[in-house]
Amino acid sequence: EAEPRKAMFVSALCFSGGLLIAGAGVALHALWLVYLGYGVVGGIGLGIGYISPVSTLIKWFPDRPGLATGTAIMGFGGGALIGAPLAVNLMKFYAGHAPGGGPASTGVAPTMLTMGVIYLCFMLVGVFIVRVAPPNYRPAGYVPPTSAGRMITTGNVLVGKAVRTPQFYL
């Protein structure tokens with residue numbers, strides 16, 4: 001029951017921690033630290049954080065799985081829609097006001113640190129407000145399908161036995 005919440009908590013720590021590590025890498029001029037923080041640790045957090053809301057929403061809306069996954073993915077896009085302009089404005093602010101700031105400062109390191117803290121706060125709110133659907137939950141009036149649709153197959157497709165057609169050659 002609490003599995004998505006645990007995954008979301010780990011995701012929040014990894015994603016935010018990745019930004020903090022990457023921000024330290026920028027401040028220390030250590031590219032390997034940027035790769036480790038933003039690429040590895042932050043990437044793990046993003047991957048874990050992506051599946052948690054999707055799987056939770058599908059359980060709440062078994063009658064509309066496309067809407068559920070689309071809504072979750074829309075949330076990720078909405079985060080970028082807000083986060084990108086915020087990051088730009090923070091870099092502009094920190095370039096002139098950060099310790100050691102001035103004409104040569106880009107404000108990237110303090111922006112990454114600030115964004116890491118902001119993301120951590122918002123992600124932790126999500127951890128605490130998420131609700132898991134009860135076992136075998138079904139919306140009122142929903143009857144699960146008893147047969148597979150036309151586009152669903154149980155057969156396997158093997159690459160070695162796939163038929164090549166001339167129109168796909170370049």
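Let's start with asparagine 136, which is found in the segment after H4; helices here are DSSP runs of H or I with at least four residues, strands are runs of E with at least two, and both are numbered from the N terminus. Phi of asparagine 136 is near 60 degrees, a positive value in a residue other than glycine. Asparagine 136 is exposed, with a relative accessible area of 70%. By exposed I mean over 50% relative accessible area, by buried under 20%, and by partly exposed anything in between, with a 1.4 Å probe and protein chains only.

A quick word on what you are looking at. This is a predicted model, so local features need pLDDT of at least 70 and side-chain atom pairs count only at pLDDT 80 or more, while totals for chains, interfaces and linings use all residues. Residues are numbered from 1 along each chain as its sequence is written, and side-chain values use heavy atoms, with hydrogens and water left out.

Staying in the segment after H4, we also find proline 145 there. Proline 145 is exposed too, at a relative accessible area of 63%.

Now the overall picture. The chain has four helices and zero strands, running α-α-α-α from the N terminus on. Of its 170 residues, 26% count as buried. Take the contacts, meaning heavy atoms within 4.5 Å: among those between residues at least 6 apart in sequence, 66% join residues at least 24 apart.

Let's walk along the helices. H1 has 26 residues and reaches 37 Å from its first C-alpha to its last, close to the 38 Å expected at 1.5 Å a residue; the expected span is 1.5 Å times one less than the number of residues. Just after H1 comes histidine 29, with a positive phi of about 60 degrees. Histidine 29 sits in the loop between H1 and H2, and is exposed at a relative accessible area of 75%.

H2 covers residues 31-60, and its 30 residues should span 44 Å; the end C-alpha atoms are 43 Å apart, which agrees. Where does H2 bend? At glycine 42, by about 35 degrees, where the bend is the angle between axes fitted to the seven residues ending there and the seven starting there. Glycine 42 is also one of the buried residues of H2, with Gly45, Gly49 and Ser52 among the others.

On to alanine 72, in helix H3. Alanine 72 counts as buried, at 8% relative accessibility. Leaving aside residues up to four places away in sequence, alanine 72 touches Pro53, Val54 and Leu57.

Finally, the largest pocket. On a 1 Å grid over the protein atoms alone, a pocket is an open set of points where a 1.4 Å probe fits, with protein on both sides within 12 Å along at least five of seven lines, and lining residues have an atom within 4 Å of a point. About 1200 Å³ of space lies in this one, the volume being the space filled by probe spheres set on the points, which are joined across faces, edges and corners. The lining has 40 residues, with Gly75, Phe76, Gly79, Tyr119 and Met123 nearest the centre. Which helix gives the most to the lining? That is H3, with 13 residues. H1, H2, H3 and H4 each supply at least two.
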